[in-house]
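The stops below are given in the order in which they may be selected.

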Amino acid sequence: MAHPLDKITIEGFKSIRALKDFELCSLNVLIGGNGAGKSNFLEMFRLLRAMVDQNLSRYVLGGGGAYDFLFNGPKLTSAISAHFVFGPNEYRFQLEPTAQEKLLITLEEQKYHLGGWQTIGKNDFESHLSIVKNRTGLSARRGVGHYVHESVSSWTFYHFHDTGKNAAMRRSEIVEDHRHFRADAGNIAPFLLALKNTSPRQYRDIVDSVRLVTPFFDDFVLESTSMGEKTVVKLAWRQVGSDYPMQPYHFSDGTIRFICLATALLQPHPPSTILIDEPELGLHPYAIEILAEMIRSTAKRTQVIVSTQSPTLVDCFDPEHIVVVNREKGASTFARLKPEALVSWLDDYSLGDLWRKNVVEGGPVREPC
């Protein structure tokens with residue numbers, strides 16, 4: 001079973017100079033001003049996922065080269081290090097930049113709580129975690145590499161910002177592409193078709209959620225068609241009181257983004273950790289309330305990490321769910337709200353109100369020159 005992430009340490013990564021032993025729970029909502037470091041926190045998860053997928057070099061190149069990943073550049077930061085705790089299993093690594101602007105893994109270790117640290121890779125441009133995932137531990141049982149790899153390879157960073165006419169979720173996709181819901185929702189039509197056939201209750205939950213925010217929506221029309229040697233399906237749908245099949249391009253940007261979010265959050269077998277950056281974009285305030293309800297429900301089944309700029313969304317959560325991200329002397333800081341410190345305020349104000357009033361810090365802050 002994939003284990004959620006319990007604790008994280010990050011040093012020298014982008015705007016994060018030092019974040020040590022930061023505890024994560026089932027629901028984590030990051031708030032803060034633009035540039036505070038919310039997205040950089042989420043980006044570390046992408047980096048580790050790239051390592052597990054044997055895709056670190058391409059990830060670094062696509063991110064601008066190694067120097068762009070170091071806190072304040074190579075003159076100040078010589079290496080990136082991270083430490084992840086998954087229940088009884090732990091994994092840590094160190095990355096150093098090279099002259100070719102790649103990140104070299106100079107230390108990669110794993111640990112089980114009954115044993116010491118074991119080096120699994122060193123001085124390589126790709127992680128050895130996928131190599132050791134099948135090694136057995138004591139008494140021929142699965143080793144720590146298996147459990148860490150299983151958890152991280154399941155992480156999914158959903159990103160539905162691109163909803164243009166050529167966006168992946170508006171295009172046809174082969175019906176066989178339904179095993180996992182892709183990060184850009186490019187396979188949403190075959191995924192929903194498979195849910196309709198194999199998990200009708202979850203499919204109906206998604207449809208009902210869409211109806212709550214889009215009253216004219218009746219149901220999806222997921223009919224497969226032949227395209228050469230392939231069989232494809234697209235996200236067609238019908239309106240209430242009509243049997244005419246509407247096409248994917250008839251969905252507004254906000255509607256199709258909400259459909260993608262509902263599918264990601266209500267899927268029957270979610271990833272071990274779901275990450276979403278600013279899911280509220282383009283949504284009506286009522287839709288944001290429904291979104292929050294889905295997030296809370298999903299966090300009972302798996303770990304959810306969300307960053308937001310929406311006080312409306314923040315209003316829907318408890319203080320212990322909120323992580324406030326600020327900048328101090330150019331570095332990101334992270335602090336989970338303490339409910340007891342806000343008791344008197346919450347009698348008269350919502351969390352979103354307190355954020356707007358800067359009682360809960362996390363707004364734009366001008367740093368001294």
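Begin by selecting helix H1, residues 38-52: its 15 residues reach 22 Å from the first C-alpha to the last, close to the 21 Å expected at 1.5 Å a residue. The expected span of a helix is 1.5 Å times one less than its number of residues. Helices (H or I, at least four residues) and strands (E, at least two) are DSSP runs, numbered from the N terminus. The model is predicted: local features need pLDDT of at least 70 and side-chain atom pairs count only at pLDDT 80 or more, whereas totals for chains, interfaces and linings use all residues. Residues are numbered from 1 along each chain as its sequence is written, and side-chain values use heavy atoms, with hydrogens and water left out.

Remain on H1 and colour by accessibility. The helix is mostly covered, with 12 of its 15 residues buried. Buried means under 20% relative accessible area, exposed over 50%, and partly exposed in between (1.4 Å probe, protein chains only). Among the buried residues of H1 are Lys-38, Asn-40, Glu-43, Phe-45 and Val-52. Just after H1, select Gln-54, which takes a positive phi of about 60°.

Two further positive phi values may be inspected. Lys-14, which is not a glycine, has a positive phi of about 50°; Lys-14 is placed in the loop between strand S1 (7-13) and strand S2 (16-23). Asp-21, also a residue other than glycine, has a positive phi near 50°. Asp-21 is found in strand S2 and is partly exposed, with a relative accessible area of 48%.

Next, select helix H4, residues 144-152. Because 7 of its 9 residues are buried, H4 is largely enclosed by the rest of the structure. The buried residues are Val-144, Gly-145, His-146, Val-148, His-149, Ser-151 and Val-152. What covers them includes H1, strand S4 (80-86), strand S5 (89-97), strand S6 (103-112) and helix H3 (129-132).

Now select Phe-157, in strand S8 (residues 156-158). Phe-157 counts as buried, at 13% relative accessibility. Leaving aside neighbours within four places in sequence, Phe-157 is in contact (heavy atoms within 4.5 Å) with Leu-42, Arg-46, Ala-183, Leu-275 and Asp-277. A distance may also be drawn from Phe-157 to Asn-326: the two are 169 residues apart in sequence and 22 Å apart in space, C-alpha to C-alpha.

Two packed helices are described by the angle between their axes and the distance between the axes. Helix H6 (residues 200-213) and helix H7 (residues 253-266) pack at an angle of about 145°, with their axes 10 Å apart. Axes are lines fitted to C-alpha atoms, for helices over the stretch in contact, and angles run from 0 to 180 degrees between N-to-C directions. H6 contributes Gln-202, Asp-205, Ile-206, Ser-209, Val-210 and Val-213 to the contact, and H7 contributes Phe-258, Ile-259, Ala-262, Thr-263 and Leu-266.

Finally, turn to the salt bridges, of which a search of the whole structure finds 14. A salt bridge is a side-chain nitrogen of Lys or Arg within 4 Å of a carboxyl oxygen of Asp or Glu. Select Asp-219 and Arg-204, whose side chains meet in a salt bridge (3.7 Å, N to O). This pair links distant parts of the chain, with Asp-219 in strand S10 (residues 217-221) and Arg-204 in helix H6, 15 residues apart. Asp-219 is buried, with a relative accessible area of 7%, whereas Arg-204 is partly exposed, at 32%.

Move to Asp-353 and Arg-356, which form a salt bridge with their closest N and O atoms 2.8 Å apart. The two are 3 residues apart in helix H11 (residues 351-356) and therefore separated by about one helical turn. Asp-353 counts as partly exposed at 26% relative accessibility, and Arg-356 is exposed at 52%. Elsewhere, salt bridges that share partners join Glu-173, Asp-177, Arg-182 and Asp-184 into one network. Within it, the side chains of Asp-177 and Arg-182 meet at 2.4 Å, N to O.
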